[in-house]
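This report describes a protein with its ligand, moving from the ligand site to the strands and then to the overall dimensions. Please keep the sequence and the structure at hand while reading.

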Amino acid sequence: MDFRLGAKSDAFREEVREFLREHLRPDMIERAHDSGTSHDWELYRSLGAQGWIAASWPEEYGGQGRDPFEMTAMRDELRLAGVPTDGLGQSIIVARTIRAVGTEAQKQAFLTPALAGEIIFGLGYTEPDSGSDVAAAKTRAVRDGDEWVINGQKMFTTLAHEAAFVFLLTRTNPDVPKHQGLTMFLVPLDAPGVEIHPVHTMGGERTNATFYTDVRVPDAYRVGEVDGGWDVMTVALTFERGGFALTEADRVWEQAVEWAGRTRRPDGTRAIDDPLVRERLATMRIDNEVARLLAYRCSYLAAAGGLPGVEGSMHKLWYAESMTADASELVDMLGAEGVVAHGEAEAPVDGWVEHLYRHAAVTTIYGGTSEVQRSIIAERGLGLPRSRR
Ligand SMILES: Cc1cc2nc3c(=O)[nH]c(=O)nc-3n(C[C@H](O)[C@H](O)[C@H](O)COP(=O)(O)OP(=O)(O)OC[C@H]3O[C@@H](n4cnc5c(N)ncnc54)[C@H](O)[C@@H]3O)c2cc1C
């Protein structure tokens with residue numbers, strides 16, 4: 001079995017590296033770290049101008065017809081270079097969903113600016129009382145002529161402070177079983193009645209609580225059928241998993257190996273000479289490799305014309321859990337200084353291990369918690385009985 005991505009992907013990978021050498025500056029990475037906002041407009045517009053936001057799409061939609069393996073190579077390079085990718089990751093989920101289920105008018109109106117890097121989208125699913133049980137959403141949308149009036153609250157609306165539209169899950173019929181009374185909208189985040197409040201997480205990410213009070217949106221911004229929102233969500237959630245093959249753990253591993261090779265202990269030996277250091281780094285490398293291959297499997301399925309479902313959950317669960325364990329091991333490996341944060345003069349590995357340690361915990365929550373991924377794998381992958389209703 002040949003695990004390489006092929007000559008075409010290698011050539012594209014080189015193009016991406018060249019692009020990053022020209023367009024990615026250290027201050028962009030620092031700003032994303034300091035603000036917790038994983039998005040940089042200047043870089044994003046350059047990606048858009050390059051035609052790479054959805055480079056796998058056909059040319060008529062603004063893509064370049066690249067295959068899923070080329071896309072994997074591109075995303076690998078973005079991740080290894082430390083590019084803030086949340087804006088890209090979220091927007092491509094919504095753009096792909098619009099392309100799959102939106103009207104022609106919606107494709108015209110939203111996809112052109114999205115692929116040019118002029119706008120990004122937020123995801124408005126989670127509410128204070130419903131996260132894992134996302135179909136229990138209470139945010140109400142009530143029809144009023146050609147418009148809808150929306151009232152409610154969403155929690156963790158990441159990048160709402162940068163996005164033009166939020167892809168909002170609403171309840172349009174409270175009198176039917178919960179999955180049957182949902183409808184999706186694209187809601188302009190500058191509409192009267194929308195409020196955005198920052199939420200700073202332990203992992204360093206800034207996200208938001210968003211409030212909707214008598215927000216009016218035209219029916220033309222409804223995505224999918226009235227009360228057919230769950231079908232739309234099913235498409236969108238599939239696109240959410242299996243996006244990026246590499247994670248922050250891959251970048252931090254490279255930095256940790258570099259640190260171990262040059263750091264001298266008081267007895268004159270290098271950190272890498274310590275078998276415990278080597279064992280930890282080796283374990284993490286193996287875990288990262290497994291995560292990468294699980295993601296490549298998703299790319300393979302996409303290349304074969306399928307949609308990764310359970311396979312996406314396997315990748316998400318593996319990287320989140322192994323990143324959590326490995327980050328903890330790396331903190332131990334560094335000793336007391338392991339908890340010194342990025343930006344502090346004494347921080348080993350430039351503080352990125354400490355950051356990974358905090359960030360890892362968050363990855364077990366967003367995009368569906370580890371418990372939810374386990375349920376999906378158990379039920380849809382292994383055919384075990386349902387654990388949720
Ligand atoms: C940094 C960050 C960014 C996020 N960004 C977004 C975003 O942009 N848009 C958005 O809509 N949401 C976003 N989320 C929300 C995220 O998707 C939810 O937090 C997640 O789905 C869990 O929901 P919850 O927080 O309500 O926890 P709950 O669902 O209340 O879960 C609490 C605990 O119970 C467990 N649990 C729940 N149900 C089950 C079950 N059936 N079986 C076993 N265990 C269960 C969970 O695994 C968890 O451990 C973000 C979250 C974070 C932390």
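## The ligand and its surroundings

How many residues surround the ligand, and which are the closest? The ligand is surrounded by 15 residues, the closest being Ser132, Phe156, Thr158, Thr369 and Glu371, where a residue is near a molecule if one of its heavy atoms lies within 4 Å of it. This is a predicted model, in which local features need pLDDT of at least 70 and side-chain atom pairs count only at pLDDT 80 or more, whereas totals for chains, interfaces and linings use all residues. Residues are numbered from 1 along each chain as its sequence is written, and side-chain values use heavy atoms, with hydrogens and water left out.

The shell consists of six nonpolar, seven polar and two charged residues, with Gly counted among the polar ones.

## Strands and their pairing

The protein has twelve helices and eight strands, taken as DSSP runs of at least four residues (H or I) and at least two residues (E), respectively, and numbered from the N terminus. In a regular strand the side chains alternate between the two faces of the sheet. In strand E1 (residues 121–124), Phe121 and Leu123 point one way and Gly122 and Gly124 the other, and all are buried (under 20% relative accessible area, 1.4 Å probe, protein chains only).

E1 runs parallel to strand E4 (residues 165–171), to which four bridges join it, and Phe121 stands opposite Phe165 in E4; two strands pair if DSSP finds at least two bridges between them. E4 is joined to E5 by seven bridges in the antiparallel sense, with Leu182 in E5 as the bridge partner of Arg171.

In strand E5 (residues 182–188), seven of seven residues are buried: Leu182, Met184, Leu186 and Pro188 lie on one side, and Thr183, Phe185 and Val187 on the other. E5 also pairs with strand E8 (residues 222–223), antiparallel and over two bridges, and there Phe185 stands opposite Arg222.

## Overall dimensions

Buried residues make up 51% of the 389 residues in the protein. Along the principal axes, the C-alpha atoms fill a box of roughly 80 × 45 × 40 Å.

Terms used: Buried < 20%, exposed > 50% of the residue type's maximum accessible area, 1.4 Å probe, protein only.
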